[in-house]
Amino acid sequence: MQITPHSNLLIIALFIFGPFCLKAQILVSNTGSDPNTALVHSASSSAHPSYSLIPAPVSLIPGSGYFSASSVDWQVDPSLKSAADAILQLLQITPGKSSHSAQISLMLDTLLHTNREYYRLDIQPTSVKLTATNQIGILYGIQTLAQLAVTSHEGQIRIPACVIEDFPRFPYRGMHLDVCRHFFPVSFIKKYIDLLAQYKFNTFHWHLTEDQGWRIEIKRYPRLTEVGAWRSGSQIGPYANQKYDTLQYGGFYTQDEIREVVTYATARGITILPEIELPGHSLAALTAYPELSCTGGPFEVARGWGVFDDVYCPKEETFTFLENVLSEVMDLFPGQYIHIGGDECPKVRWKSCRHCQTLMKKEGLKDEHELQSYFIHRIERFVNSKGRKIIGWDEILEGGLAPNAAVMSWRGTEGGIAAAKSGHYAIMTPGSHCYFDHYQGD
């Protein structure tokens with residue numbers, strides 16, 4: 001994608017992350033409440049300023065008074081010790097009975113609701129009871145407690161009494177971050193994940209490779225980070241001005257850092273979706289390994305944003321390279337899906353490449369769009385053989401969609417609708433609404 005951002009559920013992110021490359025993503029499937037429910041409760045909540053929650057819960061029944069305590073009597077499922085510790089820290093209280101102890105209960109009940117992310121929060125002046133279908137719901141309940149908590153003039157933490165029932169409308173709720181055009185250290189990635197958890201997102205889409213930089217250590221191919229992670233300058237000012245500085249820019253994440261971030265995200269109920277771009281947006285990789293191109297190079301890591309003609313050539317050594325890269329990626333990220341890009345792949349080099357034209361005749365492909373589909377199909381078969389599935393931008397629909405692929409629809413909503421109608425999962429990321437890289441005015 002050209003400079004890419006992700007989140008239309010989270011208006012505050014426009015102010016926090018506006019200049020960065022991110023996008024919001026939601027799965028098309030509706031697995032929750034009536035579409036208007038959250039809006040109804042958001043409106044009703046506005047009459048009670050103390051109940052300020054983003055996103056609005058499915059149901060909120062206001063109560064009377066506040067929960068506040070200096071000591072508590074616990075009833076906690078043994079598997080929820082870390083959650084209990086989090087509540088203690090939030091409320092600034094210590095466990096232990098006294099004549100004025102409040103009651104706090106954290107329990108799991110798998111039969112409570114059909115939605116696996118459901119939780120119920122019952123807050124009374126002398127008790128807090130949080131029940132969920134699994135630990136994810138407990139995490140969401142704690143985030144809700146944190147948003148409700150207020151500090152009194154005496155410095156005491158108080159939570160307004162209410163009964164909340166909540167579960168998400170969409171099973172996939174994601175935010176994207178492109179660390180290739182603009183690199184962010186692990187410390188920032190963790191802050192980003194904390195914000196996602198705060199607003200009950202469950203997926204972090206980590207865009208790790210691009211024309212402008214390769215950001216993930218691959219042991220088998222060290223030049224990807226020795227060469228591909230660094231560029232000789234960057235685009236500055238408005239895109240239309242096409243101006244550049246001459247400062248070396250770059251960075252990458254070691255595999256140990258990746259594992260650290262994955263563990264951090266998992267503890268907060270967030271799955272990381274890594275993106276390894278192919279067959280286009282691959283100049284950083286081709287600079288390191290030019291033999292994977294149609295022309296043989298030489299190349300340089302892109303300084304500016306945009307779309308570039310040099311892409312992976314669909315020859316056997318390219319597929320071997322990508323399979324080896326993806327094997328290391330899948331070893332690092334345990335989630336079900338791997339994002340393989342598939343967007344904005346010019347066909348200029350393929351049209352004049354003897355190997356590509358020979359391959360098209362051999363495989364009975366009528367044009368270069370079908371050659372891209374052939375490329376995506378081959379990658380999907382490999383990823384499927386490892387027990388995983390692929391997601392691609394909506395260009396992977398061109399020339400025929402891979403059998404098990406999910407589609408992210410960024411060029412409007414049409415691609416997502418087409419994918420869903422053909423029985424595929426679709427994630428809506430339309431640039432018009434979900435991209436934060438657009439100018440806000442003249």
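Figure 1. A residue counts as buried when its relative accessible area is under 20%. In this predicted model, R181 is buried because its relative accessibility is 0%. D178 is likewise buried, with a relative accessible area of 0%. The two residues form a salt bridge in which the closest N and O atoms are 2.4 Å apart.

**Figure 2. The salt bridge between E395 and R411.** The closest N and O atoms of this pair are 4.0 Å apart. E395 is buried, at 5% relative accessible area, whereas R411 is partly exposed, at 43%. Both residues belong to a network of salt bridges that also links D394 and E398.

**Figure 3. The salt bridge between D122 and R120.** Here the closest N and O atoms are 3.9 Å apart. D122 counts as buried, with a relative accessibility of 19%, while R120 is partly exposed, with a relative accessible area of 32%. A search of the whole structure finds 14 salt bridges.

**Figure 4. The largest pocket and its lining.** The volume of the largest pocket is about 1200 Å³. Its lining comprises 45 residues, of which I136, N202, G269, I270 and T271 are the closest to the centre. Elements that give two or more residues to this lining include α3 (81-91), α7 (255-266) and β18 (271-278). The largest share, 8 residues, comes from α4. By type, the lining residues divide into 28 nonpolar, 13 polar and 4 charged.

Key: Residues numbered from 1 in each chain as written. Predicted model: local features only at pLDDT ≥ 70, side-chain atom pairs only at ≥ 80, totals over all residues. Heavy atoms only, no water. 1 Å grid on protein atoms, 1.4 Å probe; cavity = no way out; pocket = protein on both sides within 12 Å on 5 of 7 lines; lining within 4 Å. Points joined across faces, edges and corners; volume = space filled by probe spheres on them. Helix = DSSP H or I, 4+ residues; strand = E, 2+ residues; numbered from the N terminus. Nonpolar A, V, L, I, M, F, W, Y, C, P; charged D, E, K, R; others polar. Salt bridge = Lys/Arg side-chain N within 4 Å of Asp/Glu carboxyl O. Buried < 20%, exposed > 50% of the residue type's maximum accessible area, 1.4 Å probe, protein only.
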